[in-house]
Structure formats: C-alpha cells, structure tokens
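Hi,

Here is the structure I promised to pass on. Have a look at it first, and then read my notes below.

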Amino acid sequence: MEVLINLAIIGILRGSTYILMALGLGMIFGVMNIPNFAHGELYMLGAYFGYLGYVVLGLNPIFSIIFAFFAAFIVGGLLEIIFFRQLRKRSIAGKWIMNCFLLTLGISILIQHIVQYIFGYRYLGISAFWPGRTLILGIIRVSNDRLMGFIIAVVAVILFQLFLKFTKTGRAIQAVSNDEVGAEIVGVNLKIIYTLTFAIGAGLAAIAGSSLLAINAAHPLMGLSPLFKSWIVIILVGMGSIGPIFFGGLIVGILETVSYSYFGAGWQNVISLVVIILLLIFKPEGIFGKKGVRGIWEQ
Amino acid sequence: MNISKNLIKKTGFNFSPLALLVIVLFLLFPLIYGDGYILRIIITSLIIAVLGMGFDFSSGYINIVNFGYAAFMGLGAYTSGILTTRLGLSPWITVFAAILFSGGVGFFLGLLTLRLRGIFAACMAWFLALVVYSLAVNWVGLTRGSSGLIVPRLFGTPSNIPFYYLLIFIGIISYIILNKIINSQIGDAFLAIGQDLEAAHASGVDSTRFKIINFTISCAIAGLVGWFYAHYFRILTPEVTHTRQTVEILAVSYIGGRGSLWGSFVAALIVLPLLEILRPIQELRFILYGLLLAAVMIYYPGGMAYLIKDIASRFRTVKTKLSF
C-alpha cells in the first residue's frame with residue numbers, strides 16, 4: 001500500500017508538467033485549430049530561458065521562471081505573427097489543420113537548430129533552485145524542486161483560469177474558442193486574440209520547462225518527451241475545459257511512474273500506448289466524453 | 001501506335017519524356033562515374049525519396065499524415081533483419097515478410113485509428129512509432145538494442161552499384177504500382193476523400209475502408225524500403241524508427257509536392273545532396289532547412305512538383321505562341 005501511495009505522489013508531482021503543457025496545447029488547438037508539434041520546443045526554450053535568468057542574469061528562482069514565461073511569451077507571439085498569420089492569409093479552408101501541423105514541424109526544426117547553433121549540443125543544468133528534500137504526508141521524501149514545480153504549476157493553472165474567467169481578454173479567448181464568427185461579430189479582434197493565445201500557450205510551456213530545470217537540464221532535443229505526453233493527455237480527455245486536462249495530466253504522470261517502477265525504464269511509452277488503444281476500443285469517447293468536450297472522432 | 005498506347009495505359013507506365021530522360025541519366029550514371037561516395041549519397045537520397053513517395057500516397061491523396069512512417073520502415077527492416085540472422089533465411093525471401101508485416105501492422109493501426117479526426121490519426125501513428133522505437137531500444141534479446149543488429153548484405157560485393165540499380169528498380173516499380181492505383185477507380189475514391197470528406201460521405205464513399213486500403217499499401221511500401229535499408233547499410237539501430245527520420249521523410253515529401261508521387265524524388269535528389277554539400281556551415285544548414293520547409297508550407301504549398309508543372313505549362317504556351 002505504501003508503495004502505491006509513494007508512486008501516486010511521485011506520479012502526481014510528475015504530472016504537473018503535462019498539465020501545463022497540455023493546457024497550452026489544448027488552448028492553441030481549441031482557439032486557433034493549430035495542432036502545435038513545436039510545443040515541446042517551447043518547453044525547451046523555457047528551460048534555456050530559465051537557465052539564462054538564473055545563471056547568467058543571476059535572478060532568484062521565482063523571477064527566473066517569470067522571466068522564462070515572458071521571454072517565451074514574446075517568442076510565441078512572434079512565431080504567430082511571422083508564421084501562422086501568413087499561413088492564415090493563404091490557407092484553403094479544410095486544409096488548415098494539416099498545413100499548420102507541417103508548419104509547426106518546420107518551426108520545430110528551426111527552433112531546435114537555432115538553439116543548437118547558439119548553445120551547442122551540451123546539457124545546461126543547475127544543481128537545484130531550492131536545495132534539499134521535503135517529507136510529504138510523513139511517507140516519502142521528494143526534492144524541493146519537484147515539489148515547487150508542482151506548486152508553481154498549480155498556481156499557474158489557477159492564475160490562468162482566473163485570467164480566462166475574469167478578464168475581458170480571457171473571455172474573448174473563450175468566445176473565439178466557442179464560436180469564431182460570433183466573437184468577431186461582437187467586436188473581438190481575432191488577430192490580437194490569436195497572437196495572444198499562442199503567446200500564452202508558449203508561456204505556460206516555458207513555465208513547465210524552467211521550473212524543472214534542476215531535474216531536466218536544458219538540451220536542444222529535450223522537447224520530444226513532454227510533447228508526446230501532453231498529446232497523450234489530450235487524446236485521453238479531449239480538450240474542453242481545464243478539469244479534465246488536470247486529471248489527464250495526473251493520470252499520465254501516475255501511469256508513467258507505475259510502469260517505470262514495475263516494468264523498468266523505457267517501457268512507459270509501451271504501457272501508455274496500450275492504455276490509449278484499450279481506451280479507443282472500449283471507451284472511444286474518451287474518459288470524460290461528454291458534451292462540451294471536443295472529442296477526437298470525425299463526427 | 002494505338003496498341004502501344006493502350007499497353008502503356010494498362011501497365012501504368014506513363015512517364016513523360018523528361019522523366020524518361022532523367023531515369024536514363026540515372027541508369028547511366030554509375031557507368032560514367034563508377035562507384036564511390038557520391039553514389040552512396042544518391043542511394044541515401046533515393047531511399048528517402050521512395051519513402052517520401054509512399055508517404056505522399058497517404059498524405060497527398062487521403063489527407064492522412066502517417067506521422068509514424070519511419071517506424072513502418074523500421075518494422076520492415078527489423079523483420080527482415082531478425083529473420084535473416086535468427087533463422088538464416090535468405091534476404092530474397094524475407095522481403096515478402098517485411099512487406100507483409102509492415103503492411104499488416106499498418107492495416108490494424110488503420111482499422112483502429114482511421115476513423116479519428118485526421119490529426120489524431122497522425123498522433124496515433126506517432127505513438128505507435130514511439131512504441132516501436134522503445135521496443136527496438138529495450139527488447140535487447142531480439143533487436144540487440146542500441147548497439148545495433150548486424151544483418152547480412154544483399155549482394156556479396158563491397159560495391160554500391162548493384163544496390164543502386166536495385167533501388168532504382170524498387171522506386172520505378174513502386175511508382176508504377178502507386179500511379180496505377182491512383183488512376184483507377186480506387187484512386188478516384190481516394191481523391192474524393194482527400195478533397196472533401198463530408199462530400200465523399202454524402203456521395204456514398206465508404207471512406208474508412210478506402211483509407212485503410214490506402215494506409216496499408218503505403219505502409220507496405222515503407223516495409224519494402226526498410227528491407228532494402230537493412231540489407232544495404234548492414235547495421236540496424238533503433239534510430240531508423242525515430243521521429244526525426246519521419247520528419248525527414250515528411251519534409252522531402254512536402255517540399256517535393258503533395259499529391260504528385262514523383263515530387264519527392266525531385267526534392268530528395270536536390271535537397272539532401274545540398275545538405276551534404278553545405279556540411280561546412282554545420283547547424284546553419286538545418287536552420288535554412290527549417291526555414292525552407294516553413295516557407296514552402298506558407299507560400300508554395302504545391303511544392304517543387306507544381307513549380308515544375310508551372311514551368312512546363314509556361315514553356316508549352318510559349319511553344320504554341322511560336323508556332324503561330
């Protein structure tokens with residue numbers, strides 16, 4: 001029993017990364033219909049910006065994470081303006097999603113190699129933002145960074161939720177996600193909302209990347225694994241509201257920890273895929289398949 | 001004349017004069033240049049080109065991006081590699097196993113995922129590829145993991161030339177088969193599905209069935225190329241199935257031009273050797289590569305195939321003007 005609780009705690013702590021990633025991914029897909037396969041690269045940029053803030057600029061941990069958020073926010077906004085806005089002008093209706101998918105792959109190659117060009121092919125890490133370990137529930141000791149990563153993720157999710165609910169811009173984003181044409185009729189400036197959405201999504205990914213810098217050192221190719229795990233979250237729970245994504249992230253985190261401890265390193269992908277395939281066969285509408293959650297099926 | 005035209009139509013051997021000229025030049029190339037480094041680069045590029053064509057068969061016609069395409073090549077390669085090393089079978093027999101296994105896995109994946117919205121079907125293929133990669137790394141008893149599986153070579157000579165001709169043969173045969181399918185009734189159904197899924201449904205096309213047929217064939221081609229890959233390079237590592245490999249195939253296929261089949265040959269034979277030539281500028285060449293891919297996506301989604309068609313049609317209008 002104690003082992004299971006241990007695994008659950010570690011899994012939940014790990015899952016926070018995927019929540020932040022999947023949230024941005026789901027929002028960008030929901031609002032702009034972009035399946036962002038460069039999301040892992042934004043996570044990677046977050047780690048590099050966190051490193052720059054903490055080591056090069058000498059900021060304190062919280063400020064270096066905030067620095068990473070804003071730096072990635074700017075990069076995300078620029079990417080939207082340079083690439084997606086141009087594509088939107090030219091894309092044919094019906095081909096948009098696939099075109100975007102390919103464009104994000106191009107962007108992913110681009111970011112990876114620009115980073116590799118600047119920083120080289122080595123790991124840039126730190127020993128810890130917050131050295132030491134904490135005892136949780138009197139059972140298990142986890143590193144402070146892991147714990148703070150989780151707390152920061154939860155705070156970011158709550159702030160993001162408040163932003164969506166209680167600010168005019170946040171409501172406009174939700175409106176565009178629900179009904180693009182309707183939102184435009186009532187005077188929402190779509191261009192600004194698109195840029196902002198992508199920028200915020202990038203920022204959320206950067207928070208995930210920077211807050212775990214001590215655990216996952218910055219490296220040009222580090223984005224692949226968080227990228228596909230956040231896609232797994234999306235496939236598991238659909239991409240409607242925050243609640244399902246939150247649980248989806250925790251489920252993927254726990255699944256990963258459990259398969260890691262029972263089957264050994266390297267097998268967690270196999271287990272995750274088997275679970276998804278079983279889910280597709282037996283519960284094709286997804287775990288939280290209900291109204292208001294956009295599913296993954298054609299009709 | 002008429003009979004020969006019919007024959008050409010029946011076999012699907014409808015190459016344009018320009019394409020025939022290029023093929024002949026490629027066939028003559030080793031006779032002039034001989035064996036060596038450049039031939040090796042051309043073979044590597046041609047491997048990606050044939051894969052790009054197989055990939056395009058799905059993405060360009062039914063609008064399903066098989067984002068795990070490298071894994072299907074890897075499955076073919078490992079199937080043949082394991083059968084030849086464990087059971088001592090000849091590679092000329094295991095080629096069928098490679099095609100069948102890749103096609104079979106493609107069939108079951110298609111059965112399971114092709115009713116999903118396009119992007120999620122792509123995701124599922126991607127997850128499968130990640131699993132194949134994990135298996136190739138971790139199932140050391142079968143695949144020898146990252147240290148690599150040593151496989152017998154197809155021809156007992158160190159020369160690249162027989163491989164080169166075999167690969168050209170594979171490329172041409174695959175093209176003829178795929179082209180023949182595209183120009184048949186099944187191909188019309190593919191096009192209908194790719195252009196407007198809803199409309200295809202409305203006019204009674206059983207889209208899932210045709211998608212599965214298409215997907216299976218496309219994966220089988222990957223298995224065939226994987227077989228060649230294994231017995232040409234002699235060493236198989238899990239890297240064959242990596243997402244990076246898929247992205248390379250995909251980039252070549254899209255820069256070449258969607259829905260053209262032959263476009264990826266043009267792209268692969270221009271872009272990949274160019275990357276090789278640009279080796280001195282290191283990382284910068286990949287930055288340029290990423291920019292090229294993004295630029296093609298935004299400004300010229302038809303790719304090189306449309307560029308060539310465009311030039312050809314302009315050339316033709318000039319000719320007709322001159323004949324007046």
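This is a predicted model: local features need pLDDT of at least 70, side-chain atom pairs count only at pLDDT 80 or more; totals for chains, interfaces and linings use all residues.

Residues are numbered from 1 along each chain as its sequence is written, while chains are lettered from A and ligands numbered from 1 in the order in which they are written.

Let's start with the hairpin. Strands β1 (residues 133-136) and β2 (residues 140-143) of chain A run antiparallel and are joined by 4 bridges. (Helices, H or I of at least four residues, and strands, E of at least two, are DSSP runs numbered from the N terminus; two strands pair if DSSP finds at least two bridges between them.) Arg133(A) has Ser143(A) in β2(A) as its bridge partner. Between the two strands of the hairpin lie 3 residues, and Leu137(A) in the turn has a positive phi of about 55°.

Next, the contact between the chains: chain A gives 36 residues and chain B gives 37 residues, where contact means C-beta atoms, placed from the backbone, within 7 Å. On the chain A side, α4(A) brings the largest share, with 15 residues. That side divides into 26 nonpolar, 8 polar and 2 charged residues. (Nonpolar covers Ala, Val, Leu, Ile, Met, Phe, Trp, Tyr, Cys and Pro; charged covers Asp, Glu, Lys and Arg; the others, Gly among them, are polar.)

Finally, find Ile74(A) in helix α3 of chain A. Ile74(A) lies 8.4 Å from Gly203(A), C-alpha to C-alpha, although they are 129 residues apart in sequence.

Best wishes

Notes: Two residues are in contact if their C-beta atoms, placed from the backbone, lie within 7 Å.
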